[in-house]
Amino acid sequence: MQPRNMSMSGVVDLAAVKAAGEAKQKAEQARAEAARTGRPTGGARLVYDVDEAGFQQDILQRSTEVPVVIDFWAEWCEPCKQLGPLLERLAGEYAGKFVLAKIDVDANQALFQQFGVQGIPAVFAVVAGQPIPLFQGAAPEAQIRQVLDQLVQAAEQQFGIVGAPVDPADAAPQEAAPEPAGPYDALLEAANQALDAGDLDGAVQAYKNVLSDDPANPEAKLGLAQAELLRRVRDLDPQEVRKAAAEAPGDVPAQIRAADLDLVGGHVEDAFGRLVDTVRRTAGEDREAARVRLLELFEVIGADDPRVISARTALARVLF
């Protein structure tokens, strides 16, 4: 049986969670400015040109953090001149829920052929490294919005990829961003203290209290994921769990319990690999249970961790 004060040392540094939240807030402010002006601001590029040299970093790697929509266009293409500005405007309106990568097909024939584009304008998406054809031709704006909404929803539900959306209405430059309507610092400190003391039920409830008023609070989201993981493994016998998982590879609940223990023990790649393999081997409710638990473990580690990025790509390969 695991002790109540089981440590997460080596997995997540709670002291760094608050810093991550502050970094996320700065990124959201940059995205809000980009949405207001319609231009990229700082590192939060919503619309940018991509060539063959930048494909790996600007499309494949970035698609593990936010859906990347690709606009294949050419200077001589008249419909492209109508579709391109519309997509750029929508990228500003969606404010970080997706980014728009523009590829000039005349200058990047290899990419044009790699995606199997039959004609332009053509619009694809890449999510977790996987290409998804969206539409071809200058489609109506209502149809494009519907496709983008479905893309954003699928990226979040299937892979937990959400970008960092910002409401443009809250980004007016003349007004300072409002302070959170609640004593979040005190509540989060209480939650962290409960977690450190092994009061997992109290920590879970305290983090939920913050999230009930501030659903996007990054520190509370990470803290809740951590506390719930510790609570799940609190009464497990590691030897029995690992024995059951080894003897029954097809037993999804056993694999899920073993993955939880892997993560708590600091074996992050093992936990992710176990669940990706489980998703690959199963179907229906079993596959969904393994996929959802994998996304929950991503929350514990953090979206920017290279191990999470790699596992998202592996998950995409077995899902599609």
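Modeller: Happy to! One term before we start: contact, or touching, means heavy atoms within 4.5 Å. Please keep in mind that this is a predicted model.

Let's look closely at helix α11, which spans residues 268-281. Its partner here is helix α13, residues 306-319; the two axes come within 9 Å and cross at roughly 10°. Angles under 35 degrees count as roughly parallel, so α11 is roughly parallel to α13. On the α11 side, the contact is made by Val-268, Glu-269, Phe-272, Val-276, Val-279 and Arg-280. Facing them from α13 are Arg-307, Val-308, Ala-311, Ala-314, Leu-315, Val-318 and Leu-319. Sorted by class, this contact has 10 nonpolar and 3 charged residues, with no polar ones.

Another residue of α11 worth a visit is Thr-278. Its relative accessibility is 1%, so Thr-278 counts as buried. Leaving aside residues up to four places away in sequence, Thr-278 touches Val-252, Gln-255 and Ala-290.

In soluble globular proteins, nonpolar side chains tend to be buried together. Around Phe-72, again not counting residues up to four places away in sequence, the residues touched are Cys-80, Ile-103, Val-105, Leu-111, Phe-112, Phe-115, Val-117, Ile-120, Pro-121, Ala-122 and Phe-124.

The crossing of α8 past α12 is left-handed. From α8 the contact draws on Lys-221, Leu-222, Ala-225, Gln-226, Leu-229 and Arg-232, and from α12 on Arg-293, Glu-296, Leu-297, Glu-299 and Val-300. By class, the α8 contact with α12 has 5 nonpolar, 1 polar and 5 charged residues.

Finally, a stop at helix α4, residues 109-114, where Gln-109 lies. With 36% relative accessibility, Gln-109 counts as partly exposed. Gln-109 and Glu-52 are 57 residues apart in sequence, yet their C-alpha atoms are 8.9 Å apart in space.

Notes:
Residues numbered from 1 in each chain as written. Predicted model: local features only at pLDDT ≥ 70, side-chain atom pairs only at ≥ 80, totals over all residues. Heavy atoms only, no water. Axes fitted to C-alpha atoms, helices over the stretch in contact; angles between N-to-C directions. Helix = DSSP H or I, 4+ residues; strand = E, 2+ residues; numbered from the N terminus. Parallel < 35°, antiparallel > 145°, perpendicular 65-115°, else oblique. Nonpolar A, V, L, I, M, F, W, Y, C, P; charged D, E, K, R; others polar. Left-handed = near helix turned anticlockwise from the far one by under 90°. Buried < 20%, exposed > 50% of the residue type's maximum accessible area, 1.4 Å probe, protein only.
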